[in-house]
Amino acid sequence: MENNELIIDMDYVKEKLEQYVQVYKNYEILGWYSTGPGIIVGDEKIHRQLMDSGLNDSPLYMTCDCDIDDSVKELPITMAEAKMADDESIEWVSLGYAIETEISEHISVEEVSKGSGNEGENSQLAPQFAKMGQAVDMLNDHTHILINYLEAVKKNQVPKNHSLLRAIHGLTFQIPAIDSNKFRKDYANEQMDVKMVTQLASMTKGCQQLNELVEKYNVAYQKRGHGHMFY
């Protein structure tokens, strides 16, 4: 703070950014965010510091209102970018946004938020996974039917139906070719992400149970007059 104004330590920011890009080489600074009901006086000066720093000539600005109104369905988030006016002042232009999540993030958020309990019965994703499993089983059954038919035709056990064979031939061309190095790499990465999320959920649940045990222990020994407590 200088003269009641917030001054960003750009040397520190650039040092941290250099360390960050060593791990996440494809990432860059897109902007900054603050908590509050919206854009307030003073945000323009912070925004100008980022613009002049060379990190991003046109950074985005996101505000998140932590005073949540339960009657409002939309997320309390606003996105804006700065537009320079003729008098060199900043005019804020609102931007639309879309939130994209992966299935592994859904699992992580749900498992961590549930804490304790029977995951198999209480999971909100269980019906969705059950439907996906049924669809995969049905596809597998139909695929085996076609394979058995083609093998029977090849062995002259059933008469050839050229119309059906053409339909099967056309169906095979609609199946995407996923046997590639990129697919195997992406599949292995996604599989590893799911395993890590599962382990994270298990560790979070274990920490919560341990914390509950420590709290019960402290309460019990405090009532008995003992001075030993765990933290």
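Predicted model: local features only at pLDDT ≥ 70, side-chain atom pairs only at ≥ 80, totals over all residues.
Which residue just after α5 takes a positive phi? That would be N156, at about 60 degrees.

1. Overall layout. The protein chain holds seven helices and four strands. Going along the sequence, their order reads α-β-α-β-β-β-α-α-α-α-α. Burial comes out at 15% of the 231 residues. Looking at contacts between residues at least 6 apart in sequence, 45% join residues at least 24 apart.

2. Helix α5 on its own. This helix runs over residues 126-154, which is 29 residues. From first C-alpha to last it reaches 42 Å, and that is close to the 42 Å expected at 1.5 Å a residue. The positive phi at N156 comes just after the helix.

3. What α5 hides. Y149, A152 and V153 are the ones to look at here, as they are buried. The cover over the buried residues of α5 includes α6, residues 162-174. As a reminder, an α-helix has 3.6 residues a turn, so residues three or four places apart point the same way.

4. Geometry of the α5 and α6 pair. Two packed helices are described by the angle between their axes and the distance between the axes. For this pair, the axes come within 12 Å and cross at roughly 130 degrees. As for hand, the crossing is left-handed.

5. Who meets whom. On the α5 side you'll find L146, Y149 and L150; facing them from α6 are L164, L165, I168 and L171. Sorted by class, the contact has seven nonpolar residues, no polar ones and no charged ones.

6. A closer look at L165. This leucine sits in helix α6. Is L165 buried or partly exposed? Partly exposed, because its relative accessible area is 23%, while buried would need under 20%. Leaving out residues up to four places away in sequence, L165 touches Y149, L150 and K160. If you want a pair to click on, take L165 and L150: they lie 15 residues apart in sequence, with their C-alpha atoms 8.4 Å apart in space.

Note on methods
Residues numbered from 1 in each chain as written. Heavy atoms only, no water. Helix = DSSP H or I, 4+ residues; strand = E, 2+ residues; numbered from the N terminus. Expected span 1.5 Å × (residues − 1). Buried < 20%, exposed > 50% of the residue type's maximum accessible area, 1.4 Å probe, protein only. Contact = heavy atoms within 4.5 Å. Axes fitted to C-alpha atoms, helices over the stretch in contact; angles between N-to-C directions. Left-handed = near helix turned anticlockwise from the far one by under 90°. Nonpolar A, V, L, I, M, F, W, Y, C, P; charged D, E, K, R; others polar.
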